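Open the model in your viewer and keep the sequence panel beside it.

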Amino acid sequence: KYLIKSGGENIYPAEIERVLLAHPAVADGAVVRKPDARWGEVPVAFVALRCALDSEALATWCRDRLAHYKLPREFRIVELDALPRSSTGKIQRHEIERRMV
């Protein structure tokens, strides 16, 4: 249901999240939209890690598995408990967007 519209393309965050979660160093993650003057919206990934990994390694991982327009423009490394969840355990993207500055 949640959709990012970037430069006329539809991006489903769940697809990007599946790629991120397939990385052995990634414990959890969420992808949200961020307003962008050029593209309308762009994806931003919030990632909780099991071990040390930098944003460039995550970008390379995604670049090898996703179309270029689906690549997150930013990777924000966060603590696992920093991803807000509902009472059923679902990540609340709207809360991440609200906190994002």
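A residue is called buried when its relative accessible area is under 20%, exposed when it is over 50%, and partly exposed in between. Keep these cut-offs at hand for the stops below. The model is predicted.

**Stop 1: the whole chain**

Show the chain as a cartoon and colour it by secondary structure. The chain has 3 helices and 5 strands. Followed from the N terminus, the order of elements is β-β-α-β-β-α-β-α. The radius of gyration is 13 Å, close to the 13 Å that the globule rule gives for 101 residues, so the chain is as compact as a globular protein of that length. Along the principal axes, the C-alpha atoms fill a box of roughly 35 × 30 × 25 Å.

Now colour by burial. Of the 101 residues, 41% are buried. Taking contacts between residues at least 6 apart in sequence, 59% join residues at least 24 apart.

**Stop 2: the nonpolar core**

Select Leu20, Val32, Phe46, Cys62, Phe75 and Ile96 and show their side chains. These residues have the most contacts inside the largest nonpolar core, which has 25 residues. Which elements give two or more residues to this core? They are helix H1, strand S3 (26–36), strand S4 (40–49) and helix H2 (55–63). In soluble globular proteins, nonpolar side chains tend to be buried together.

Stay on Phe75 and show what surrounds it. Leaving out residues up to four places away in sequence, Phe75 touches Leu20, Ala45, Ser55, Leu58, Ala59 and Cys62.

**Stop 3: Glu74**

Move to Glu74, which lies in strand S5 (residues 74–78). Is Glu74 buried or partly exposed? Its relative accessible area is 23%, between the 20% and 50% cut-offs, so Glu74 is partly exposed. Not counting residues up to four places away in sequence, Glu74 touches Lys34, Pro43, Val44 and Ala45. Draw a distance from Glu74 to Phe46: their C-alpha atoms are separated by 8.4 Å, and the two residues are 28 apart along the chain.

**Stop 4: Glu17 and Arg93**

Select Glu17 in helix H1 and Arg93 in helix H3. Glu17 has a relative accessible area of 12%, under the 20% cut-off, so it is buried. Arg93, at 18% relative accessibility, also counts as buried.

Which residues does Glu17 contact, leaving aside its neighbours within four places in sequence? They are Gly29, Ala30, Val31 and Arg93. With the corresponding neighbours of Arg93 left out, Arg93 touches Tyr2, Pro13, Ala14, Glu17, Val31 and Val32.

Two distances can be drawn here. The C-alpha atoms of Glu17 and Arg98, which are 81 residues apart along the chain, are separated by 19 Å.

**Stop 5: the largest pocket**

The lining divides into 5 nonpolar, 2 polar and 3 charged residues. Which helices each supply at least two residues of this lining? They are helix H1 (13–21) and helix H3 (93–99).

**Stop 6: Leu3**

Finish at Leu3, in the segment before strand S1 (4–6). Apart from its neighbours within four places in sequence, Leu3 is in contact with Asn10, Ile11, Tyr12, Pro13, Arg33 and Glu41.

Methods: Residues are numbered from 1 along each chain as its sequence is written. This is a predicted model: local features need pLDDT of at least 70, side-chain atom pairs count only at pLDDT 80 or more; totals for chains, interfaces and linings use all residues. Side-chain values use heavy atoms; hydrogens and water are left out. Helices (H or I, at least four residues) and strands (E, at least two) are DSSP runs, numbered from the N terminus. Ala, Val, Leu, Ile, Met, Phe, Trp, Tyr, Cys and Pro count as nonpolar, Asp, Glu, Lys and Arg as charged, and the others, Gly among them, as polar. A nonpolar core is a set of buried Ala, Val, Leu, Ile, Met, Phe, Trp, Tyr and Cys residues joined through side-chain atoms within 4.5 Å. Buried means under 20% relative accessible area, exposed over 50%, partly exposed in between (1.4 Å probe, protein chains only). Contact means heavy atoms within 4.5 Å. The radius of gyration is taken over C-alpha atoms; the globule rule is 2.2 Å times the number of residues to the power 0.38.
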